[in-house]
Amino acid sequence: MKLNYERIVGSVVANKCRMGVLDSWVKEIRSTEMVSKEDDGKPTLMDLPEECQRVIFRCLADPADIIHLSQTCSQLYIIGSEDLLWEELFWYHFTEAQLPMVPMEDCRRDWKAGFQRLLEHHSLKVEYVTMMARCSYCSCVYWQGSEHPCPGEMTKKGENSPTLEHRDRKVEILSPRDLMSIF
């Protein structure tokens, strides 16, 4: 902007304001000092063998996480750019029905590029480790797979001995968005 000051885009006042902001950024950047992390003796990701680093990458299902981790250093960039990683990610997120958008020859040449091209047309597969569920009888929300002592199932036999009577109860599995819509 300083080199082409005579070619102002917009008003002079707005340009002076932009130049002031840029000058403050330059001062802040020049005053910033890079400090190395002190060695506290604790192992870091880079202390792990390369194969363990690859396993960590394969546990990431979100391509943004892989890209961000790859940007931290050159060694992780190499691992994050490997074709096998992107091929696994490709087949994890997309089905064969979604493939006509991108020729398979292109994907086999560069899985990361093929993944990105398919991502332009399809959303990522979303899976949650644990889901919430809602009982259709009492509307109680609970973790799927945990015991839900529904009061609608409790009956008394005799005097004080409640037992569970298993009725046909519908359970609605809730995605995070569905859960938020309840409140």
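Trainee: Which residues does S70 touch, not counting residues up to four places away in sequence?

Mentor: S70 touches F57, L76, Y77 and G80; a contact here means heavy atoms within 4.5 Å. Please note that this is a predicted model, in which local features need pLDDT of at least 70, side-chain atom pairs count only at pLDDT 80 or more, and totals for chains, interfaces and linings use all residues. Residues are numbered from 1 along each chain as its sequence is written, and side-chain values use heavy atoms, with hydrogens and water left out.

Trainee: Where does S70 lie, and is S70 buried or exposed?

Mentor: S70 lies in helix α3, which covers residues 63-70. S70 counts as buried because its relative accessible area is 6%. Buried means under 20% relative accessible area, exposed means over 50%, and partly exposed is in between, with a 1.4 Å probe and protein chains only.

Trainee: How many helices and strands does the protein have?

Mentor: There are eight helices and five strands. Helices (H or I, at least four residues) and strands (E, at least two) are DSSP runs, numbered from the N terminus. Along the sequence the pattern reads α-α-α-α-α-α-α-β-β-β-β-β-α.

Trainee: What is the strand order in the open sheet of three strands?

Mentor: The order is β2-β1-β5, with antiparallel pairing. Its edge strands, β2 (141-143) and β5 (171-174), each pair on one side only. From one strand to the next, the twist averages 35 degrees. For that angle, axes are lines fitted to C-alpha atoms, for helices over the stretch in contact, and angles run from 0 to 180 degrees between N-to-C directions.

Trainee: How many bridges join β1 to β5, and over how many do β1 and β2 pair?

Mentor: Four bridges join β1 to β5, while β1 (residues 132-135) pairs with β2 over three bridges. Two strands pair if DSSP finds at least two bridges between them.

Trainee: Changing topic, which residues make the nonpolar surface patch of about 330 Å²?

Mentor: V21, W25 and I29 make that patch. Patches are made of residues with over 30% relative accessible area and no salt bridge; like charges are joined within 9 Å, and nonpolar side chains (Val, Leu, Ile, Met, Phe, Trp, Tyr) within 5 Å. A salt bridge is a side-chain nitrogen of Lys or Arg within 4 Å of a carboxyl oxygen of Asp or Glu. Accessible areas come from the Shrake-Rupley method with a 1.4 Å probe, and for residues only the protein chains shown count as cover.

Trainee: Why does I29 count as exposed?

Mentor: I29 counts as exposed because its relative accessibility is 62%. I29 lies in helix α1, residues 12-31.

Trainee: And why does L84 count as partly exposed?

Mentor: L84 is placed there because its relative accessibility is 44%. L84 is found in helix α5, residues 83-93. L84 and W111 are 27 residues apart in sequence and 8.0 Å apart in space, C-alpha to C-alpha.
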